[in-house]
Amino acid sequence: MNPGRHAYHRAAAGIAALALFAFLGPLLYRADPTLVDLAHTTAAMSWAHPLGTDESGRDVLARLMSGGRVSLIVGWSAGLVALVVGTLAGALAASRPRWLAATASRLLDAALAVPAFFVLLVIVTLFGAGTGTLIVAIGATAWMGIGRLVRAETLTLRERDYVAVAVALGESRPRLFLRHVLPHLVPTLTAAATVGVAQAVLTESALSFLGLGVEPPQASWGNMLTGAQQNLGAAPWLALYPGILIVATVLACNALSEAFRRRA
Amino acid sequence: MAGFLVRRVLQGLLVLWLVTTATFLLIHAAPGGPAVLADPKLSAVERQAIEARLGIDQPLATQYLRWHARLLEGDLGRSFLYQTPTLSTVLTRLPNTLALVAASLLLSLVIAVPLGVAVGLAPGGRLDRTVGVINFTSLAIPPFWFGIVAILLVAARWHLLPAGGMVTPGQHDLGDRLAHLALPMAVLALPLSAELIRFLRAAVTGTAAASHVRPAAARGLTRGAVLRRHVLRNTLVPLLTVLGLQIPMLVGGAAVTETVFAWPGMGRLSVEAALGRDYPLVMAIALVVAATVVTANFLLDLAYGWADPRIRSQA
């Protein structure tokens, strides 16, 4: 993309709009997202149901809002977990003593070659799919990119003069990292973490779509698409709304990340 | 080359060990334990007998070693759902997944290499901007949703291609198979092509500006020769690296795509197994996938030697 000067503001506005829709929307639009009405299934748009009803007669607009809350909370939290784990792992892989750094480095590279999706399946099969489990599981399988970034940047920053000065002054290693390395990483990490949120939203929606994530009756953008796929013939529009919101979220996060990267 | 390959094989073994250990630890951290022990009618003696039979009365370290010994013999347990040895169940589905993944990989290379190079040679041009927007969007589309929309339009509305499955029952010609392959292959190839184009653009832009390219042109080499010998040649090794990093994601994406298109592969099997809480089967699949990815990465490592003589000549 070739964002102009306002790319950052536009992306941030997009994310804010989606968050407002999911978190404040329910205060203005008070339909019950889990109320089943078998007399009015897959209804088209109307005053009572502005976006129609799904295969169980539930209000689509209300479900989009409630599902959006879950998808955004899981996405942001899992992104945060990945950020924390990745930063710690990356710092460890660039630390001393040498054997510790080498071990952490090898493990980090190995973890990058592990097919994350199947590890997620194992975790979900064994532990079930509560929101908490989803956050930890998605975060725990998505930190490797950030880990590599932190390792690479830390190894470069370590060679700077001011770090040598701090070492000479006898600062401890963890303190060295926190005070002299981490602050320089903030712009890069912000950009990487924002992409991480987008990835987490995509992962959550895929798991929920497969029936392995957020479980009905609680809506999520992903599991709304499960019902939609089974009713493609009768109500194709049901497949459009959640998909468009997922795409919008990921686009906004990726655009924001791009803007951060350019400013970094 | 030998030293390089030995290091990479060790790295591959480390990946496998990481997966088996994580799996083992996850089983033991999971609440409950074997379902047979949940029966409240069991007497203490019977309980002990079952525990001894399953070997779970042993210390964790012993169980860990025994588990690995069984894995080495190819015994990955029995599936709860199908009551079959998991390994053979998984291996019958593996070729279908490999076919889908290989086809998508090929398709995305066919799309990405010419486009990526063209865009990299003229950054900022009209083609670059168009491709940039398409890339940015295709990376934001959840593959399963793209699959649903594709089924809706191409299969249900326009009746151009079948909506799912691998063959029409009773038909065995190649055309029918290719028609079934087309949609899932395209869905899986879309995000991969976007990643590859993005990467190639950066690599080609970088190499085209490198100090050895301009003198090559000055020596009177044709534009095509400069491109082939000096620009493309140098993007080959990083391209292999990116492919290696994308393979785990491609296999994960295949699981979702297979489910949407009812493709009878290992990925769809893994989703069914997870839905049925068939954890021996899910784990067997995770291990087979890890082994497949490690093998694929090893083949890429061999390709490194072919692509870069410097690696070949290393001790």
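Colleague: How much area is buried between chain B and chain A?
Modeller: Buried area is the accessible area (1.4 Å probe) that two parts lose on being put together, summed over both. In this predicted model, carbon and sulfur atoms give 82% of the area buried between chain B and chain A. The total is about 4100 Å².

Colleague: Which three residues supply more of the area that chain B buries against chain A than any other three?
Modeller: Together they supply 17% of the area that chain B buries there. The three are B:Phe136, B:Phe144 and B:Trp145.

Colleague: What conventions apply to the model and its numbering?
Modeller: Residues are numbered from 1 along each chain as its sequence is written, while chains are lettered from A and ligands numbered from 1 in the order in which they are written. Side-chain values use heavy atoms, without hydrogens and water, and totals for chains, interfaces and linings use all residues, whereas local features need pLDDT of at least 70 and side-chain atom pairs count only at pLDDT 80 or more.

Colleague: How many residue pairs are in polar contact across the interface of chain B and chain A?
Modeller: Salt bridges (a side-chain nitrogen of Lys or Arg within 4 Å of a carboxyl oxygen of Asp or Glu) number 0 between chain B and chain A. A polar contact is a pair of N or O atoms within 3.5 Å; within protein, one must be able to donate a hydrogen and the other to accept it, and residues adjacent in sequence count only if both atoms are side-chain atoms. For residue pairs in polar contact across this interface, both at pLDDT 80 or more, the count is 2.

Colleague: Which elements give two or more residues to the side of chain B that touches chain A?
Modeller: Helices here are DSSP runs of H or I with at least four residues, strands are runs of E with at least two, and both are numbered from the N terminus. The elements of chain B in question are helices H1 (2-29), H5 (126-138), H6 (143-157), H9 (223-260), H10 (266-275) and H11 (279-307).

Colleague: How many nonpolar residues are on the side of chain B that touches chain A?
Modeller: Ala, Val, Leu, Ile, Met, Phe, Trp, Tyr, Cys and Pro count as nonpolar, Asp, Glu, Lys and Arg as charged, and the others, Gly among them, as polar. That side has 6 polar and 5 charged residues. Its nonpolar residues number 38.

Colleague: Is B:His68 buried or exposed?
Modeller: B:His68 is found in helix H3 (residues 60-72) of chain B. Contact (heavy atoms within 4.5 Å) links B:His68 to B:Trp17, B:Thr20 and B:Thr21, leaving aside neighbours within four places in sequence. Buried means under 20% relative accessible area, exposed over 50%, and partly exposed in between (1.4 Å probe, protein chains only). Because its relative accessibility is 18%, B:His68 counts as buried.

Colleague: How far apart in space are A:Ala93 and A:Glu153?
Modeller: A:Ala93 lies in helix H3 (residues 60-93) of chain A and, at 6% relative accessibility, counts as buried. Beyond four places in sequence, A:Ala93 touches A:Ala101, A:Ala104, A:Ser105, A:Leu108 and A:Arg151. A:Ala93 and A:Glu153 are 60 residues apart in sequence, and their C-alpha to C-alpha distance is 11 Å.

Colleague: What share of the 264 residues in chain A is buried?
Modeller: Chain A has 11 helices and 0 strands, and its C-alpha atoms fill a box of roughly 75 × 45 × 30 Å along the principal axes. The buried share of its 264 residues is 52%.

Colleague: What share of the 315 residues in chain B is buried?
Modeller: Chain B has 12 helices and 0 strands, and its C-alpha trace spans about 90 × 60 × 35 Å along its principal axes. The buried share of its 315 residues is 43%.
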